[in-house]
Amino acid sequence: MQPRFPPAARAALALVLAAPALAAQVDLGASQHGAASMKDQLAALAKLALPADGLVAPRGIDARVWTASIVPGQEPTAARVALGRALYFDPRLSKDGTVACATCHDVTRGFTDNRPVSEGIGGKLGRRNAPTTLNAALLTEQFWDGRATTVEHQAGMPILNPIEMGAQTEDEVVQRIAGAPEYRDGFQQAYGRAPNYADLRAAIGAFERTLIFLDAPFDRFLAGDPTALGTAERRGRELFDGKARCASCHPLNGASPLGTDNAYHNIGVAARDKDFEGLARSAQAALQQDDSEHALDQLALATDMSELGRFVVTKNRADIGAFKTEQLRNVGISAPYMHDGSLQTLWDVVDHYNKGGEDNAFLDGGIEALALTDAEVDDLVAFLFALTDVRLAEPNQRAQAKQKEQAAKTRPIKDPALAERRVLGFERRVLGTK
Amino acid sequence: MKSRQKSRKKSGIHRSVETRYEASREELLRSLMNLDRRAFLRASGAAAAAALTHGVAHAHTFQPVTVAGAKEVQPFRFAYISDSHLYERKLNDRFIRSLLRAVDDVNALDPQPDFVLYGGDLAQLGQPAELDLGAQILKELKAPVRMMVGEHDWYLDLGEKWRALFGKDVYSFDHKGIHFVVLNSVVEEDFWSARKLSPMERMKTVAGLDNRSQSNFQVGGPQREWLEKDLQGLSNDVPLIVFSHSPLYHLYQGWNFWTIDAPEVQRILARFQRVTVIHGHTHQLLTNRIGNIHFHGMLSTAWPWPYAPQGLPELTVQMNRPNPFNPQDGCGDGEVRVYADGLVDKVYGLWNRSPVTVSREYMSSNGLLQRPPASNASTY
């Protein structure tokens, strides 16, 4: 991707250079809620050589698909991207000035936070694992339950969620930043008007449209470089498309570069200790009172009903406990895994699928025991680590070594009896046998 | 919950013939009390013969009599589960899991349905172990079960095991103003004796698609006679709901989406103003109307069939091709909502998609009103 500097980019550059002005009010060197400091994150970001705007289709994405994915009127121009970048790292968007988008979508942690669930203002914990913002712009729907469609829409919601960034109203957020000269100019340059909430969230979305990371060893292998994947990784790829049946829900090819079917499945992660029926009844009652976007957002993050997943959006019984198929891109650096961050390593993830998920009444029909051997599990995991963009190769290698070490110590999900169907999941659940 | 389970045990979910008889007699007595005098007089004359076939004769009523005129229908709903095709656990556990899912679905209905229709093909190859397994799972249902037989249950031992577990394969009952008839539409003429087929060979012949060496599904002469007698005393305005495993019309012979004497059965039903036929066997969204008879297919819990190659009845709202990656897509269970006018809305509770309701307005208007929205699922 060639860096381009259209006239509008001048203001953008000015905005980035205005960081010291921001620092006058916010300590960019401080580390809050366990995230890397904004200063360190910005330094890491600079090394990733992102494009200045999101107008041109990134490598690996068809130009027509890319254009179609952009909301008309919200084209990610350089000025908007620059504005969004500043907002992404600005903790002033939060009620107590400690949480930015980058707190939970940390540049140095694969644009997530490497925690099971995220920490918001005042140390409050949510219920779900922060998905990476990398490639999020290409997903059909956002959040684990798809309660927002575009990144431009999504970006406005955590700011207002009481346990994430905690702002009470949109106006309050706008007022907090409107006084800063860099934003006055930034909004003017980007949207031709004064700061407002709709443009604020759209600008953050515009920035996210530059976070496309689809250049992995796997892609280079597909492009014709036979050395890009090692033998274990190649065996893993065979399993991925074959015996392990990953591709059923994680289609990963030229037409589907992210490795997600953009659908919702109950794979039983949440089923271990949840009464789905009871929760569904509570949710239906709660949504009858108020099914606004805000109510949904709180329900998803602050209550046990979070475990209902897609159901709270569709109220369709078939969606109980169903969560979005997460993309597999850069999966090596986004541990821990699943919607609740309950699995520590990719070995655990494969162990989960290998035993046929956690049986429950709503388990997706495609989830069945796979009878993968230990060696096959290792190969599959090796392949998954080959899906990380080469720009993130170094953290990917570190994560792989760390997970390998951890998996050697403990594999809490592994269950060969279930994997080989010596025992069936429903027998344990329904018939109460061992 | 406890008391419900207790009462279930007492009445038995697979009601015996005696229990059904008692229930229908109670219904009769109650309905007699509701009759105004004119309706009573109109009813009693035509009813005498019907009462005989119904087997109802009360010592303390002055004449053997049964209700013939239409009673007021109290709206209610019943659920359905169908075509589970269970194998033994060691051969296949997917279909077992699917049936369990259906049972969970139905048990979660609040309020509970009045009863659950099981639409036939509980077993895959008629094995006693398969039927036992199915009976064991169906016992988990909170609501009473009305059983219907399918060819996969029948052709190993010609229904011996099935009848031992569930009772009669052909029967009728009245419920809240509706007359229900359960048929065995998978009767075949003897194609096995002359060829000296073993029971298992016979079973597999019938279970196969496009197997022309078998006979045809039929209700058959004796059963049609029984049906005529069963309906004899009923006036034309009594709403009927008929359960049959195969569709009671001619759709596609190669797959037995076909009951060969269906025209004769339709002729028997034709005089009634409101007739609904609920059938299994086809494993798909399937809707048809012939005269006053509304036909609705049931979903399978095991697998969806593709549509037969020669086309579809006009009223059928097509189901998209199921997702090949999800074995439960296109499968499900559902419910039938009976209204005061004696007609029904048929709900297809698809597991992987939004439910589809085929309303009685849609049926009555020949598809002009309330057409169910097309599926929003992607096509594969």
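Me: At what angle do the axes of helix α5 (residues 78-88) of chain A and helix α11 (residues 197-208) of chain A cross?

Reply: Bear in mind that this is a predicted model. The axes of α5(A) and α11(A) come within 7 Å and cross at roughly 100 degrees, and that makes α5(A) roughly perpendicular to α11(A), since angles of 65 to 115 degrees count as roughly perpendicular.

Me: How do helix α13 of chain A and helix α18 (residues 374-385) of chain A pack, and at what angle?

Reply: The axes of α13(A) and α18(A) lie 7 Å apart, at an angle of about 100 degrees, and the two helices are therefore roughly perpendicular to each other. On the side of α13(A) the contact is made by A232(A), E233(A), R235(A), G236(A), R237(A), L239(A) and F240(A), while α18(A) contributes E376(A), D378(A), D379(A), L380(A), A382(A) and F383(A). The residues of this contact of α13(A) with α18(A) divide into 6 nonpolar, 1 polar and 6 charged.

Me: Which residues does L229(A) touch, leaving out residues up to four places away in sequence?

Reply: With those sequence neighbours not counted, L229(A) touches P217(A), F218(A), F221(A), R234(A), R237(A) and A386(A). The C-alpha atoms of L229(A) and A386(A) are separated by 7.3 Å, although these residues stand 157 places apart along the chain.

Me: Which residues of helix α15 (residues 293-302) of chain A are buried, and what do they pack against?

Reply: In α15(A) the buried residues are L296(A), D297(A), L299(A), A300(A) and L301(A), and the buried residues of this helix pack against α8 (157-160), α14 (276-289) and α16 (311-314) of chain A.

Me: Into which domains is chain A divided?

Reply: The assignment divides chain A into domain 1 (9-208), domain 2 (217-268 + 324-431) and domain 3 (270-320). The centres of domain 1 and domain 2 of chain A, taken over C-alpha atoms, are separated by 29 Å, and their contact takes 23 residues from domain 1 and 22 residues from domain 2. The residues on the side of domain 1 of chain A that touches domain 2 divide into 9 nonpolar, 9 polar and 5 charged.

Me: How many residues does each chain give to the contact between chain A and chain B?

Reply: Chain A gives 13 residues and chain B gives 16 residues; those on the side of chain A that touches chain B divide into 6 nonpolar, 4 polar and 3 charged.

Me: What is the order of the strands in the open sheet of chain B that includes β4 and β10?

Reply: In general, strands of a sheet pair through backbone hydrogen bonds, either parallel or antiparallel. Here an open sheet of 6 strands in chain B has the order β4-β5-β6-β9-β11-β10, with mixed pairing. The edge strands are β4 and β10 (287-290) of chain B, each of which pairs on one side only, and the twist averages 20 degrees from one strand to the next.

Me: In what sense do strand β4 (residues 171-175) of chain B and strand β5 (residues 178-182) of chain B pair?

Reply: They pair in the antiparallel sense over 5 bridges, and the bridge partner of D174(B) in β5(B) is H179(B). The hairpin of β4(B) and β5(B) has 2 residues between the strands, and K176(B) takes a positive phi near 50 degrees there.

Notes
Residues numbered from 1 in each chain as written. Chains lettered and ligands numbered in written order. Predicted model: local features only at pLDDT ≥ 70, side-chain atom pairs only at ≥ 80, totals over all residues. Axes fitted to C-alpha atoms, helices over the stretch in contact; angles between N-to-C directions. Helix = DSSP H or I, 4+ residues; strand = E, 2+ residues; numbered from the N terminus. Parallel < 35°, antiparallel > 145°, perpendicular 65-115°, else oblique. Contact = placed C-beta atoms within 7 Å. Nonpolar A, V, L, I, M, F, W, Y, C, P; charged D, E, K, R; others polar. Pairing = 2+ DSSP bridges. Domains from an automatic or database assignment. Buried ≥ 20, exposed ≤ 12 C-beta atoms within 10 Å, placed from the backbone.
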